[in-house]
Amino acid sequence: MLSGLFGSNGTASAPQQQKSTTVVPGEITTPSTESIALADFNQLSETSTGNESLLSQIVKSNPYFAAGGGLMALGAGFTILKRGIGSLSSFAYRRLLVDLELRNNDKAYDWFLHWMSQYPSRSSRQLSVQTKFTQHTNGSVSTGFSLVPGPGNHWLKYQNAFFFVKRERSERIHDSGRPMETVTITTLYRDRFLFASILDEARDMAMKMAEGKTVLFKSWGQDWRPFGQPRKKRLLESVILDHNIKEEIVKDVEEFLSSGKWYYDRGIPYRRGYLLYGPPGSGKTSFIQALAGHLDYNIAILNISEPNLTDDRLAYLMNNIPERTILLLEDIDAAFNRREQTTDKGYTSGVTFSGLLNALDGVSSAEEVLTFMTTNHPERLDPALLRPGRVDFKSLIDNASDWQIEQMFLRFYPDDKENCAKFLNAFKDLELPFVSTAQLQGIFVQCKGDPSAAISKVGDIKNPANSFFYE
């Protein structure tokens, strides 16, 4: 049987019949993501033949792989481009632009806003309203409105240079109760010298508005704020005091202001205190206002008996008085006489006497300060307050003397010496012990331009039913 299958030489004989080939119909399909994930790529790589591996064929033929790679490359390109643009713009900003920041606790802040509101070559889309409200003594009211750049972005052109102005308002509140605000001015680095020119113009405009006027400041929180509108300077000649009193005070103040180096060379604190005492209506406050106008100074009024004023706040305010400003403490004797103790709030006055003394002449006291105090009752003042260093100059501003009466009459009715003698004789006939300059001024104001009427009204001083009362 074996011989029938193999030949004599041991080789297999040819088959008796040829095998048939079966063809199975089918189709080529793209592999699914799941089949690709489950594939053994190591085995595929081993069994792959030719120059290109089976993995490369799958990646190229799969649309998911092709799309993901493209998006990844596109995203990476955009990220690199974005970072490059950001770095380039930051570099260009540092090299080509310059910023100037103004804060609202600096005087230049209000100066610049007012200047910009008046500057014609500007573009503003956000505006704020500033209202000026004034109530006169006769009850009438006058108001005015001005539009200033509000929080937002603004543009202006100054001397052929463009400036970008950004005003921002913070949610934080300043110690004065006002929200924190900043103005940032941006321009090309080559035009940075124009910042000083703009601020100079803004300052000059502000000074021109206050030129010939005296600004009154009052404390507000931890800051000094202008009180009302600037007032026209009062002439020193309009306040008539008794012989040589005015001249002596003015001479002493001017000598002090010119002796700063002398004080510093000798290690003496550069400050000086003045006490003007006398009856009401004698012209103490009027003289201080006229003196401020004569020196081109402003006045900061501080009420020591204010309930919310504390020792720390008093020291802070006195150390931060605006420049070229006289500090005025009116009725200093009443500061500690009206203290009342309650079970809930303690003393209604927050300033202690020692706190006042330390603020005037202590470690925390300010220098380069002119302090004027007024009182109607000097006998009530503690001797510790009157010692040199706290009060260096005392002057009595008394009721009107005969010389003052004559000078006041001639100021309201110049060169009318005949009626002046009649007015003085009429006053002497009343046999009054004294008369205040405020009472005399009331008569002269009521009888403007009519000296005869003023003479006839001298008797009204003695009549309490009239507006000119006598005590």
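Modeller: Let's start with α14 and α16, which are roughly parallel to each other because helix α14 (residues 402-412) and helix α16 (residues 437-446) pack at an angle of about 25°. Their axes are 11 Å apart. Angles under 35 degrees count as roughly parallel, over 145 as roughly antiparallel, 65 to 115 as roughly perpendicular, and the rest as oblique. The axes are lines fitted to C-alpha atoms, for helices over the stretch in contact, and the angles run from 0 to 180 degrees between N-to-C directions. As for the names, helices (H or I, at least four residues) and strands (E, at least two) are DSSP runs numbered from the N terminus.

Before we go on, keep in mind that this is a predicted model, where local features need pLDDT of at least 70, side-chain atom pairs count only at pLDDT 80 or more, and totals for chains, interfaces and linings use all residues. Residues are numbered from 1 along each chain as its sequence is written, while side-chain values use heavy atoms, with hydrogens and water left out.

Back to our pair: α14 passes α16 in a right-handed crossing. (A crossing is right-handed if the near helix is turned clockwise from the far one by less than a right angle, and left-handed if anticlockwise.) On the α14 side, the contact (heavy atoms within 4.5 Å) is made by Q404, I405, M408, F409 and F412. Facing them on α16 are T437, L440, Q441, F444 and V445. Sort these contact residues by type and you get seven nonpolar, three polar and no charged. For that sorting, Ala, Val, Leu, Ile, Met, Phe, Trp, Tyr, Cys and Pro count as nonpolar, Asp, Glu, Lys and Arg as charged, and the others, Gly among them, as polar.

The axes of α14 and helix α15 (residues 417-429) come within 10 Å and cross at roughly 140°. That makes α14 oblique to α15. Here too α14 makes a right-handed crossing. This contact uses D402, I405, E406, F409 and L410 of α14, together with K417, N419, C420, F423, L424, F427 and K428 of α15. The tally for α14 with α15 is seven nonpolar, one polar and four charged. Notice that I405 and F409 turn up in the contact with α16 and in the contact with α15.

What does this do for α16? Its residues T437, Q439, L440, G442, I443 and F444 are buried (under 20% relative accessible area; exposed is over 50%, partly exposed in between, with a 1.4 Å probe and protein chains only). The cover over the buried residues of α16 includes α14, α15 and α17 (451-456).

Let's zoom out for a moment. The chain comes to 17 helices and 18 strands, and 35% of its 471 residues are buried. Among contacts between residues at least 6 apart in sequence, 66% join residues at least 24 apart.

Here's a helix residue elsewhere: F256 sits in α8 (residues 245-257) and is buried, with a relative accessible area of 3%. Setting aside neighbours within four places in sequence, F256 touches Y263, Y270, R271, R272, Y274, V369 and L370. F256 and E368 are 112 residues apart in sequence, yet 9.7 Å apart in space, C-alpha to C-alpha.

E181, in β7 (residues 179-188), is buried at 8% relative accessible area. Its side chain makes a polar contact of 2.4 Å with that of Y109 and one of 2.7 Å with that of R167. (A polar contact is a pair of N or O atoms within 3.5 Å; within protein, one must be able to donate a hydrogen and the other to accept it, and residues adjacent in sequence count only if both atoms are side-chain atoms.)

Last stop, two loops. Most residues other than glycine have a negative phi. N160, between β5 (152-158) and β6 (161-173), has a positive phi of about 65° although it is not a glycine, and N160 is exposed at 67%. D331, between β14 (325-329) and β15 (341-342), has a positive phi of about 50°, and D331 counts as partly exposed at 39%.
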